[in-house]
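Me: I am new to this structure and would like to learn how to read it. Could we look at it together, feature by feature?

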Amino acid sequence: MKVDRGDVILVNYPFASGTGSKVRPAVVIQTDRNNARLDNTIIAQLTSRTRSARTEPTQLLIEAASAAGQQAGLLIDSALSCENLYTVRQDIIVRKIGTLPDSLMPQVAACLKASLDLP
């Protein structure tokens with residue numbers, strides 16, 4: 001499945017311990033140029049643990065009831081966790097559930113910059 005930057009997908013996301021995985025939502029953060037030419041894509045995890053999203057610059061809170069949350073296809077309030085990046089083969093993506101609005105993408109970029117300590 002070919003994806004675009006900002007797509008919200010379901011993917012079998014591995015546990016940090018390496019001992020298993022769970023199907024969960026994630027956001028495609030890789031550039032569209034690379035999504036089109038590569039078989040892999042880079043994603044950031046979405047989590048229901050939102051407490052830190054209000055204070056951590058590496059996380060972005062997306063409320064399910066908001067227009068952005070509805071466009072993203074989220075069922076519960078979620079935090080985009082830019083500390084949890086993962087590269088997956090596009091053919092193992094379960095399905096696309098939504099898309100982040102373009103208006104949120106500068107905030108996603110800021111979270112990535114904070115997580116990677118980029119200028």
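Me: How many bridges pair strand β3 with strand β5, and in which sense?

Reply: Strands are DSSP runs of E of at least two residues, and helices are runs of H or I of at least four residues, both numbered from the N terminus; two strands pair if DSSP finds at least two bridges between them. In this predicted model, β3 (residues 40-47) and β5 (residues 78-89) are antiparallel and share eight bridges, with L46 opposite L80. Strand β4 (residues 59-62) also runs antiparallel to β5, through four bridges, and there I62 faces S78. Residues are numbered from 1 along each chain as its sequence is written, local features need pLDDT of at least 70, side-chain atom pairs count only at pLDDT 80 or more, while totals for chains, interfaces and linings use all residues, and side-chain values use heavy atoms, leaving out hydrogens and water.

Me: Is T47 buried or exposed?

Reply: Buried means under 20% relative accessible area, exposed over 50%, and partly exposed in between (1.4 Å probe, protein chains only). T47, which belongs to strand β3, has a relative accessible area of 14% and is therefore buried.

Me: Which residues touch the most other members of the largest nonpolar core?

Reply: In soluble globular proteins, nonpolar side chains tend to be buried together. A nonpolar core is a set of buried Ala, Val, Leu, Ile, Met, Phe, Trp, Tyr and Cys residues joined through side-chain atoms within 4.5 Å. Here the largest core has 19 residues, and L80, L100 and V108 touch the most other members. At least two residues each come from β3, β4, α2 (67-72), β5 and α3 (105-116), with α3 giving the most, four residues.
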